[in-house]
Amino acid sequence: MTQHANPSPEQPPEQAKPEALQQFELTTRTEFPWLIHFVTFFAVALSVIHIWFNTLSTLPELWISATHFAGFAVICALLYPAHGSLKHSKIALAGDLLIAFAALACLIYIPLAEDALYARGVKFVASDWFFSLLAIAIALELIRRTIGLFIPVLIVICLTYVVLWGKWIPGMFQFPGLSMETLLYRSFYSADGMFGPIARISWSYVFMFILFGAFLVRSGVGDFIIDLSKAAAGKIIGGPGFIAVLGSGLMGSVSGSSVANTVSTGVITIPMMRKAGFPARFAAGVEAAASTGGQLMPPVMGAGAFIMASYTQVPYVDIVAVSVVPALIYFLSVAFFVRIEAKRSGVHKVESDSQPFLKVLLSGWHNLIPIAVLVVLLVKGFTPTYAAGISILSVIVASWISLNKMGPKAIIEALSLGGRNMATTAVLLVGIGLVINVISTTGIGNTFSLMINDWSGGNLMVMLLLIALASLILGMGLPVTAAYIVLGTLSAPALYQLIAESQLVDLLVQGQLPEQAKAIFMLAAPDQLAALNQPMSPDQALSLLALVPADFKATLLEQSLGASAITLALLSAHLIIFWLSQDSNVTPPVCLTAFAAATIAGTPPMRTGLMAWKIAKGLYLVPLLLAYTALISHDWGEVLLIGGFAIIGTYALVATIEGYLEGYLNPLYRIVLAIVSVVLLWPDLDWWWRVLATLIFLLLFILSGRKHRTDQKHQKAFP
């Protein structure tokens with residue numbers, strides 16, 4: 001007889017209360033019909049202009065970036081009041097109209113004043129001062145409204161560091177300072193400031209993929225994803241939990257926001273999980289963890305992936321390709337928690353009206369056409385913007401096969417949705433450009449890298465812990481993308497250097513250093529040449545490496561490892577930071593994704609956050625695998641082998657944490673399983689150790705299942 005979970009004291013409502021979820025959404029003006037119509041029209045026009053920017057335009061990038069900022073600043077100023085209490089105020093709306101006109105004035109000023117500025121030898125006149133300060137002030141205010149106070153304060157601290165208090169700081173962070181005129185020029189006019197590379201990524205890659213997501217949503221792909229997830233997993237034990245994992249993961253790749261993903265899918269999946277018998281807090285934690293993983297799901301991985309492509313100069317399609325196995329490990333880790341909890345809580349099957357999987361797939365196969373078009377174009381070498389543009393067209397064409405055909409009205413609605421969805425991201429990324437400008441101007445990024453390298457003592461694990469801590473602290477005030485940009489700029493160089501050096505140390509230990517690299521050691525330590533021709537201990541290798549001057553290390557690494565390995569090391573560093581930047585979604589004390597799920601489930605927010613943090617352990621496990629193994633590599637056989645053993649090891653680790661596999665684990669089984677998980681996840685072990693650990697895991701799986709069935713029979717016989 002199947003056991004049912006005892007009713008939890010945390011009984012959630014069957015349906016989330018809309019007013020309870022509004023705290024996770026921006027306060028929006030909806031009381032002025034003319035304003036809604038204007039914003040709709042303006043968003044459509046802005047989307048069309050951006051499509052032109054990314055296809056046929058030959059305008060200077062500075063002008064395009066300024067248009068990008070000014071256009072979305074208009075939407076933010078008009079839609080989002082300075083405070084929630086001003087939502088209905090006509091006076092506040094009049095003030096926000098002035099902000100919108102001021103943003104457009106900044107846009108108009110740049111092409112009119114640019115030539116005159118350079119004719120004066122980059123000497124500012126009164127209007128240059130006014131408009132550059134005005135643009136920065138508008139960015140600060142709109143980011144405060146849409147994101148919060150943390151980023152504006154960070155921008156002000158960075159800007160004042162350059163011109164005011166940097167020269168007063170003793171030690172390695174001291175900066176002699178720049179004039180206010182130079183700072184404003186670099187912030188407003190140059191290709192390194194608020195209209196620089198981050199803004200360029202925003203109006204190209206990020207916008208096109210957000211628009212692609214808007215077209216997918218409008219065409220009904222979201223409903224198809226939920227229906228397909230229900231058909232795939234709904235009728236098995238624990239099915240509603242697997243629906244949450246599958247549906248939220250796929251939807252997160254479309255929505256681009258873990259909180260929005262939680263709100264949109266959680267109102268369906270969390271009540272389903274509770275009805276099946278999952279504890280309320282666990283149901284909310286699963287939804288939060290799965291929604292967080294949506295940013296890691298290829299082929300659309302969020303804005304951070306495009307910025308990563310720009311930072312590393314690695315094609316976006318390559319980043320997507322190497323992210324498949326890590327994403328699989330993460331989502332399976334969440335699924336393992338679901339299966340174990342389903343077995344432990346006696347979760348029952350939920351009778352649903354979902355159709356067979358094949359029928360759902362055949363009836364909605366056209367929804368997969370745009371994703372297939374996107375993947376094929378990326379693999380064929382087309383740029384991400386071109387691939388996204390063609391994929392948008394394929395959404396429209398594919399919809400004509402379905403009952404939900406996209407006509408002119410639906411296309412306009414999708415264009416408007418894309419423009420409105422982009423608004424907050426656009427002003428955020430433009431503002432973050434000011435922070436990146438300060439980091440590059442002052443060299444504080446190199447200083448920070450040297451500092452964390454010194455704190456870690458050259459220990460990769462310590463550096464990973466420091467970066468994880470920094471990402472958590474930054475994530476309390478920064479959105480995931482902004483946290484990745486800042487942390488990647490500051491710490492990626494040091495992390496890349498340490499990963500590459502650890503690979504060089506392995507070559508020295510094995511006595512396999514290439515001949516061309518030995519020449520560099522001859523210059524630095526000619527008396528150690530004989531030692532290079534034979535294996536050595538890790539301590540000897542580290543001592544030899546310490547003798548190489550810092551100026552020679554980049555050349556040494558390239559000569560020793562090769563360009564391909566160097567690129568993979570750099571990509572590993574950025575992927576590690578990108579993954580760790582996601583943890584603020586599910587890690588208390590500030591974890592909005594978990595809090596949104598808690599609101600739907602009716603559970604205590606902080607306890608739900610702790611549950612989500614436990615379930616999302618893959619966010620920490622995958623970075624360790626990226627740092628210490630060849631989980632990303634050009635050798636797909638090796639990647640699949642490492643990934644396969646890592647998946648089994650993750651299952652063993654989850655069972656160890658929960659004390660349950662197919663049944664309760666006694667202390668001895670739990671200790672053995674912990675050892676098994678370590679062996680399967682530990683780098684550089686012989687394959688036969690991993691095979692042995694896999695066999696032991698299978699044996700424990702069978703034994704725990706038998707014990708569970710025996711206990712059930714005993715309970716049935718002696719209730």
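**Exercise 1. Determine with which residues A199 is in contact once its neighbours within four places in sequence are left aside, and describe its surroundings.**

*Solution.* Step 1. With those sequence neighbours set aside, A199 is in contact with S65, H68, M194 and V430. These contacts belong to a predicted model.

Step 1. A199 itself is part of helix α8.

Step 2. The relative accessible area of A199 is 0%. Buried means under 20%, so A199 is buried.

Step 3. A426 is 227 residues away along the chain, yet the C-alpha atoms of A199 and A426 are separated by 7.6 Å.

**Exercise 2. Describe how helix α3 and helix α19 pack, giving the angle and the distance between their axes.**

*Solution.* Step 1. Two quantities are needed, because two packed helices are described by the angle between their axes and the distance between the axes.

Step 1. Helix α3 spans residues 61-79 and helix α19 spans residues 408-442. Their axes are 8 Å apart and meet at an angle of about 115°.

Step 2. This angle makes α3 roughly perpendicular to α19.

Step 3. The crossing in which α3 passes α19 is left-handed.

Step 4. On the side of α3, the contact is made by H68, F69, F72, A73, I75, C76 and L79. On the side of α19, the residues involved are G419, R420, M422, A423, T424, A426, V427 and V430.

Step 5. Some names from Exercise 1 return here. H68 and V430, which take part in the contact between the helices, are also among the residues in contact with A199.

**Exercise 3. Classify the aromatic pair of F209 and Y316, and explain why it ties together parts that are apart in sequence.**

*Solution.* Step 1. A search of the whole structure gives 31 aromatic pairs. One of them is formed by F209 and Y316, with 5.8 Å centre to centre and 55° between the planes.

Step 1. Planes under 30 degrees apart count as stacked and those over 60 as edge-to-face, with the rest as tilted. The pair of F209 and Y316 is therefore tilted.

Step 2. F209 lies in helix α8 (residues 197-218), whereas Y316 lies in helix α14 (residues 316-322). The pair therefore ties together parts that are 107 residues apart in sequence.

Step 3. Both F209 and Y316 are buried.

Step 4. A further pair, F382 and Y386, is stacked, with 5.1 Å centre to centre and 20° between the planes. F382 has a relative accessibility of 37% and so counts as partly exposed. Y386, at 43%, is likewise partly exposed.

Step 5. Aromatic residues also gather in a cluster: F69, Y118, F124, W129, Y185, F188, Y189 and F195 form one. F69 of this cluster also belongs to the contact that α3 makes with α19.

**Exercise 4. State which residues have a positive phi without being glycine, and where a cis peptide bond is found.**

*Solution.* Step 1. The background is that most residues other than glycine have a negative phi, and most peptide bonds are trans.

Step 1. Q313 is not a glycine but has a positive phi of about 60°. Q313 is placed in the loop between α13 and α14, and its relative accessible area of 65% makes it exposed.

Step 2. D684 is a residue other than glycine with a positive phi, near 60°. D684 occupies the loop between α31 (667-681) and α32 (687-717). At 69% relative accessibility, D684 counts as exposed.

Step 3. The cis peptide bond joins P298 and P299, with omega at about 10°. P299 is in the loop between α12 (280-293) and α13 (303-312).

**Exercise 5. Decide whether V44 is buried or exposed, and find its contacts beyond four places in sequence.**

*Solution.* Step 1. V44 is a residue of helix α2 (residues 33-53).

Step 1. V44 has a relative accessibility of 14% and therefore counts as buried.

Step 2. Beyond four places in sequence, V44 is in contact with I412, L415 and S416.

Step 3. V44 and L417 are 373 residues apart in sequence, while their C-alpha atoms are 8.2 Å apart in space.

Methods. Residues are numbered from 1 along each chain as its sequence is written. This is a predicted model: local features need pLDDT of at least 70, side-chain atom pairs count only at pLDDT 80 or more; totals for chains, interfaces and linings use all residues. Side-chain values use heavy atoms; hydrogens and water are left out. Rings of Phe, Tyr and Trp (its six-membered ring) pair if their centres lie within 6.5 Å; planes under 30 degrees apart count as stacked, over 60 as edge-to-face and the rest as tilted. Helices (H or I, at least four residues) and strands (E, at least two) are DSSP runs, numbered from the N terminus. Buried means under 20% relative accessible area, exposed over 50%, partly exposed in between (1.4 Å probe, protein chains only). Contact means heavy atoms within 4.5 Å. Axes are lines fitted to C-alpha atoms, for helices over the stretch in contact, and angles run from 0 to 180 degrees between N-to-C directions. Angles under 35 degrees count as roughly parallel, over 145 as roughly antiparallel, 65 to 115 as roughly perpendicular and the rest as oblique. A crossing is left-handed if the near helix is turned anticlockwise from the far one by less than a right angle, and right-handed if clockwise.
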